[in-house]
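Visitor: I would like to know what stands behind the labels on this model. Could we take them one at a time?

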Amino acid sequence: MATVQLAELAKILMGKLVLVLVVGAILVVLVGLPLSWLRLKLERGLIRALRSARSKRQKGESTASANESATTPHCPVCNSLMVKRVTRRGSGAGSTFWGCSNYPRCRGTRAILAIN
Ligand SMILES: [Zn+2]
């Protein structure tokens, strides 16, 4: 009878082992999958944050150049962008003014407003 009891005990133990394995597998699926999904989501979020930071930086650069072009006046004659020039001759020699970038084809000039 002792061997039968031992066999029964072994069967119960095996059953418990299988139960533990099944429960463990279920736990791995229930906890591991959301964890890996969470990790994937976190990584994607991080990548997205890095990308948005980079694009924000690029946007800032583009707005900076836009500001620069906004402060650069357009020629009153031909409406193209003007460039800073220095008066070479005459009474105002050495002073700066806006000259047309199409010079000498266009002789449009503007006085530099003393903002700075
Ligand atoms: Zn011009």
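Guide: Start with Asn79, which is found in the loop between helix H1 (2–71) and S1. Keep in mind that this is a predicted model.

Visitor: What is the phi of Asn79?

Guide: The phi of Asn79 is positive, about 65°, although Asn79 is not a glycine.

Visitor: What makes up the protein in terms of helices and strands?

Guide: There are one helix and three strands. Along the sequence they follow the pattern α-β-β-β.

Visitor: How do you know that S1 and S2 pair?

Guide: Two strands pair if there are at least two bridges between them. Five bridges join S1 to strand S2 (residues 96–100), so the two strands pair. They run antiparallel. Within this pairing, Val83 stands opposite Gly99 in S2.

Visitor: What makes S2 and S3 a pair?

Guide: The cut-off is again at least two bridges. S2 and S3 have three bridges, and therefore they count as paired, in the antiparallel sense. Here Phe97 stands opposite Ala111 in S3.

Visitor: In what order do the strands form the open sheet?

Guide: The order is S1-S2-S3, with antiparallel pairing.

Visitor: Why are S1 and S3 called edge strands?

Guide: Strand S1 (82–86) and strand S3 (109–111) each pair on one side only, so they are the edge strands. On average, neighbouring strands of this sheet are turned by 35° against each other, with direction ignored.

Visitor: Where is Pro104 placed, and what kind of peptide bond joins Tyr103 to it?

Guide: Pro104 is in the loop between S2 and S3. The bond between Tyr103 and Pro104 is a cis peptide bond, with omega about 10°.

Visitor: How many of the residues of the protein count as buried?

Guide: To be buried, a residue needs 20 or more other C-beta atoms within 10 Å of its own. Of the 116 residues, 4% count as buried.

Visitor: What share of the contacts with a separation of 6 or more comes from residues 24 or more positions apart?

Guide: Such residues account for 24% of those contacts. A pair is in contact if the C-beta atoms lie within 7 Å.

Methods: Residues are numbered from 1 along each chain as its sequence is written. This is a predicted model: local features need pLDDT of at least 70, side-chain atom pairs count only at pLDDT 80 or more; totals for chains, interfaces and linings use all residues. Helices (H or I, at least four residues) and strands (E, at least two) are DSSP runs, numbered from the N terminus. Axes are lines fitted to C-alpha atoms, for helices over the stretch in contact, and angles run from 0 to 180 degrees between N-to-C directions. A residue is buried if 20 or more other C-beta atoms lie within 10 Å of its own, exposed if 12 or fewer, and partly exposed in between; C-beta atoms are placed from the backbone. Two residues are in contact if their C-beta atoms, placed from the backbone, lie within 7 Å.
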